[in-house]
Structure formats: structure tokens, C-alpha cells
Amino acid sequence: MFSANENIVLRQHKRRVIEYIESTIPENALELGTAVMVMQVSCRQPGCVPLETAITVVFPKPLSKKKRTRRRDAQTEPKESDDSQVPSFPQPLLPNLEESRIGGSFKTRILKPLSDVTLDDVMDALPPSFEGGRRTTELLCTRARDMTFAQIGQLMGNDDTRDSKEGRKLVAEYLKVCLDEYIERGCVPPEWGEQFTDSDGDEKKYDIPQLEELEVTAKKDSVDDASNGNATIDDKWGKGNFVFRRSTEEITGK
């Protein structure tokens, strides 16, 4: 719950963001009734940011055109009606945006609370159909890439030490095989925190030689560090179920 003062401040930020968006929409589209809605929403799903800004641009619905059919005589059949067709404007109100032609809604979101949203954030969230919009498929892919790299660095460290580099490589190799699996399964992820499963429903094991080599190196270094009184790999990265191994048959050759 927000206090009265917090609600006032929130409305001020909402009005500011709405003005940013309206400045990218042609005046004639606004005069026809295009409406901009902005909300700050919370997300409790795993991986979500705590607060984000949801944006919806609602375009006016065109008037439907009903053909009046008249019978000249009893033997003249009525013409087929076009009422089943979706009414639309002759041209989109915003170039190359089909929602603006048929009276639909365009939705996007900014992964920040309302108070932190800037004009640049708005432009990055809107496609070029909006004046000044910069959102493209390439931009979205680049952002996803950068967020992934940043997460790897936060988990394993961003410095140039041996342990950090090996940790980042380990995570990258694991993510590489997981992304291939993700694509093979129609881009459907496993349950949060769970591994992909095979056809029998068992947890899938991956054959990743690079990771096995890293594990051998990590174990050797851990022995050396422990004998010298230094922090071991387990001390630095933690002891968990982050295990990559081949089946017993593959290891023994049986």
C-alpha cells in the first residue's frame, strides 16, 4: 500500500511517462482518440524485477461499414455482407503498426519502477513506428545478451583472476548446451530451478568435455590451495549440486 503522498508522486511520474509516449504519437492519432495507459506493476515470478512499468497504447476503433442490400425483385438474391470483416482505417495511424489500423492495442514494458523511467527508456521500449522509437529485434537480443553476461559476472566475478575466468567459462559452456536444448524443445524452458529431462522423465546429463576439464583443474587447484592454506575453489564458488558428468558406462568404457 502507498501513502497519500506516495500516490501523488506516483501519479506525477505516471503523467510524465505518458507525456513521453504521447510525444511520439502523431497529433491526428491522438485527436481520433488514441489513449496511453501506464502502470507500475510488481512481479513475483522467478527472474522478474520487483517493480516494472507496463505501457499500453490503445488505438481508436474504426467505424464499421455495413452494406445495405436491397432486393429489386423477389428473384434477386442479396449480396453477401462484409460484416465479418474487421473494420479498419485505410492506412495505419502509425506507420507499419497494424494495431493502429484495426483499433488494437500495443503493449510493452520497461523493467524499472515508474520513478526511474527516463525518456531514453521509453524510446528503447517503443518500435520505430513511434516517432523516435528505437526498439528492434537486434536491440532486444543485444539487451538479453548483455543481461546474461552481467549475471554471469555477478555470479562468478568480473575480474581477470584465474578462478573468475574459469567460473565464467564453466557457466557459459553450460548455458550453451541449455540454449541448444531450449531450441530443440520449441523454446519451452524447464520448471524454474529444474533441469531438462529426457524421454523417461529423468534429469538429463550433458556430455561437456570442456566442463569436465575444468572440474579436473578445479579439483587439482583445490588440493594445491588447501595444502598452501589458501581458499579453495569450493570456498570461493560454494559446494552445491552444480555437477557435470558422463554416465558410468562412458567413463569406464563398458
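Entry 1: I began with Cys 48, which counts as partly exposed because its relative accessibility is 32%; buried means under 20% relative accessible area, exposed over 50%, and partly exposed in between (1.4 Å probe, protein chains only). I note that this is a predicted model, in which local features need pLDDT of at least 70 and side-chain atom pairs count only at pLDDT 80 or more, while totals for chains, interfaces and linings use all residues. Residues are numbered from 1 along each chain as its sequence is written, and side-chain values use heavy atoms, with hydrogens and water left out.

I then looked up the partner of Cys 48 and found a disulfide to Cys 43, with an S to S distance of 2.2 Å; a disulfide here is a pair of cysteine sulfur atoms within 2.5 Å. Cys 43 counts as buried, because its relative accessibility is 19%. The torsion about the S-S bond of Cys 43 and Cys 48 is about 40°, so I recorded the disulfide as right-handed. A search of the whole structure gave one disulfide. I also checked Cys 178, which is buried at a relative accessible area of 14%.

Entry 2: Two strands pair if DSSP finds at least two bridges between them. β1 and β2 run antiparallel and are joined by eight bridges, and β2 pairs with β3 in the antiparallel sense over six bridges. Ala 54 in β2 stands opposite Met 39, and Ala 54 also stands opposite Arg 109 in β3.

**Entry 3: helix α5.** I asked which residues of α5 are buried. They are Ile 152, Gly 153 and Met 156. They lie on the same side of α5, because they cover an arc of only 100° around the axis, taken from the directions from the helix axis to the C-beta atoms. The face turned away from the buried side carries the exposed residues Gln 154 and Leu 155. Gly 157 follows α5 and has a positive phi, near 100°.

Methods
Helix = DSSP H or I, 4+ residues; strand = E, 2+ residues; numbered from the N terminus.
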